[in-house]
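Here are my notes on this one, point by point. Have the structure open while you read.

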Amino acid sequence: MSHKEAAEKREEDVATGALGKAGNYIHPEAAFLFIRCPRLRRIPVFGEAVEGYGLKVIIALGGCYLLCKGIADQILYSQTYPMMIDRYGIEVGRYQRLSSISTMGWSIKAFTAMLCDGFAFLGYTKRWYMFISCVAGGAFALAYGLLPAKEASADVACAFIFLSSWGKANVDILSQGHYSRLMRQNPRPGPSMVSWIWLWIMTGSLIATIMNGPLADAGKPQISIFVSAALQIITCVFFLFNWYGEKKNRVLRSEDALFILEETRKERELYKISTHHEQATGVREKDHGAKGNKCPQQSHPDEDVAAAVQDALNGGEHGTGDLVQDVYGDETDDEEGPAEGEVYYGKPPVPCLFGLFEANTEVISKNWKIFVYSVVMTCAVIVMLCCNILADTLGLLIACVVVSTVCCATSFWALPLVIAKANVFAYLDKAVYIRVGGPLSAFYLNSYGCPGNLPNFSYTFYSTVGGVISSAVGVVTVALFNFLFAKHSYRLTFAVTTIMQFVAGMSDIIMVKRWNLYIGIPDHAMYIWGYTVVGEVVYMLALMPPVVLLSRLCPRGSESVVYALMAGFASLGQSTAVSLGAIIMEYGLPVFQKQDDGSQCNYDNLPLLVFVCNMCTPLLVIPLSILLLPKARICDDIDVDGTAVRQSVEKRVVAAALPNSDKVMRADPVDGHKRDEW
């Protein structure tokens, strides 16, 4: 055989879905790529991710997260202070209110997830929504950068920041839903794909951090905003050409239904559960006939189920039309059936608005409580947005109380008790750590040119140097977290990190009181050690436990939307904390407030403000953790009752009982929940 023939044979083998050295599936795009450039396969992270999912989707995910969530979002968030204080010239107290709006767009991404899953647009549940979010979000960012440099522009600018951030949050949550589906279909290279995504997020954040400081020092922070707008708009190219490779909504609904069918068949086979037909007639079906029921009285053999599943995965061509139909059975033969070339199992999507949208009624009806909760939370975010801009101090306080009460109560109504308690704790954990970043930034940067011995940091040092060091410390802290706290309980971990936050808060007071100069520590060294190193370590250690807890509690089948809901509620808690800081400043502890003589250099209340907000109120987390968190270690799996699941013990017990599975099922009906944890 010649070299040419051998090469052609290799291409033919890999094009049909060849297997790797360990018998792993290789995507056809990856196969052709590795034939032409074998060295690419040996690149860490990239090679394994491309092997499992293909080149286009990996490039698209990396590019999307680099441009949109990495650079564009970090620019928009980090340049809020120089835009508001230096360009628009607003007071620190006003900035404290408005700065909370920059993160509110991320609080309603659960509503976006439910809306997109419930109503497909132009045949897709994600593709065109992400396209519109990139274009519209970039347009709002561009409008934000073009606003005139005057104080009256600040309120409108905040609305544009919110809308642009919402666009980025939409792309983030819908991309998460897409690659989560890919990981369920091919789990092995999943960690490599997640690592690839976070590599580009961190790279993008680093690029934005390096860019922001010098531009702010030059008095041109709006240039960064224009870059952010351009990058967000450019991201839409990935969705215009569908580099994510998203399938149409009707095919995905068939995949989901047939996947559930196949999983049900496997469970019946594993536990020898009798079929509905067997229970009704007493006749045992051959070869597990319940594997592919069109209705409870009719069954299909294994090969028909496998063929139907494979047909749906291949895009909709099938030859088992009797299997893939409407399971509800309410339609008569006179009604219009599925169009030729389409695959349904279950109730098909319902076209609406002249076919522009398709309503996935099954998705909506199954998750209607979560959908209502996401609507309530979206309304709460809009209320907070309007009150931060328009309301007086009392009105903002009432809004914070009402929003917190309604959202927490709705959480207990919409979610299982253990999940609801963890959700409320994640919100309160963020809300009680009251943030006063505006006054502290004004002090460190000496934004108003106050006389005296202030630090007078430049933006290059404060944002760029400090940001780069914080990023490096954060990476190391995440790596150390598992070693330090993995085998300890959530309650103990939160108690320890809260005490560490109390101690870390003293570094700001030391600098504000200028005690560091009395003991011979320069301002730059004290800031790097206190805020950038110790503060970042404490922040990351406090951030990891709720992330792990929320991940473990998300129910199977609704992981993406429930996690988005809980993460969004925690983000709303962070925004609420900023609003509470503004209320405290306006009611009793004003800082850098304009005086009768026009000066804004009164920061006498800053030490007390930092002590109350950064050191005292976070201590409330300790009793809240006792009331709301489960008695479990971070390394434990948690069941629906909030108790730790000892997997190894359960597996041994169940393995011993499997020979008499019918007896096990009757004696221990709760075993169904245990099986979900395996």
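1. Let me start with a salt bridge: aspartate 155 pairs with arginine 94, and their closest N and O atoms are 2.8 Å apart. Keep in mind that this is a predicted model. The pair links distant parts of the chain, with aspartate 155 in helix α9 and arginine 94 in helix α6 (residues 92-98), 61 residues apart.

2. How exposed are these two partners? Aspartate 155 has 28% relative accessibility, so it counts as partly exposed. Arginine 94 is partly exposed too, with a relative accessible area of 26%.

3. Helix α9 also supplies aspartate 172, whose side chain meets that of lysine 69 in a salt bridge (3.4 Å, N to O). Lysine 69 sits in helix α4 (residues 55-78), so this pair ties together parts that are 103 residues apart in sequence. Aspartate 172 is buried, because its relative accessibility is 2% and the cut-off for buried is under 20%.

4. Next, look at glutamate 51 and arginine 188, whose side chains form a salt bridge at 3.1 Å, N to O. Glutamate 51 belongs to helix α3 (residues 46-53), while arginine 188 is in the loop between α9 (153-185) and α10 (190-217), so the pair ties together parts 137 residues apart in sequence. Glutamate 51 is at 9% relative accessibility and therefore counts as buried, whereas arginine 188, at 31%, counts as partly exposed.

5. Which residues make up the network? Salt bridges with shared partners join Arg41, Glu48, Glu51 and Arg188 into one network. The count of salt bridges comes to 9.

6. Now for the sheet. It is open, has 3 strands in the order β1-β3-β2, and its pairing is antiparallel. The edge strands, each pairing on one side only, are β1 (119-121) and β2 (350-352). On average, neighbouring strands are turned by 30 degrees against each other, direction ignored.

7. Where β1 meets β3 (residues 357-359), the two strands run antiparallel and 3 bridges join them. As a landmark, phenylalanine 119 stands opposite alanine 359 in β3.

8. What packs on this sheet? Helix α7 (residues 109-118) does, touching β1 and β3, and its direction makes about 75 degrees with that of β1. Helix α8 (residues 127-146) packs on the sheet as well, touching β1 and β3, with its direction at about 70 degrees to that of β1.

Key. Residues numbered from 1 in each chain as written. Predicted model: local features only at pLDDT ≥ 70, side-chain atom pairs only at ≥ 80, totals over all residues. Heavy atoms only, no water. Pairing = 2+ DSSP bridges. Helix = DSSP H or I, 4+ residues; strand = E, 2+ residues; numbered from the N terminus. Axes fitted to C-alpha atoms, helices over the stretch in contact; angles between N-to-C directions. Contact = heavy atoms within 4.5 Å. Salt bridge = Lys/Arg side-chain N within 4 Å of Asp/Glu carboxyl O. Buried < 20%, exposed > 50% of the residue type's maximum accessible area, 1.4 Å probe, protein only.
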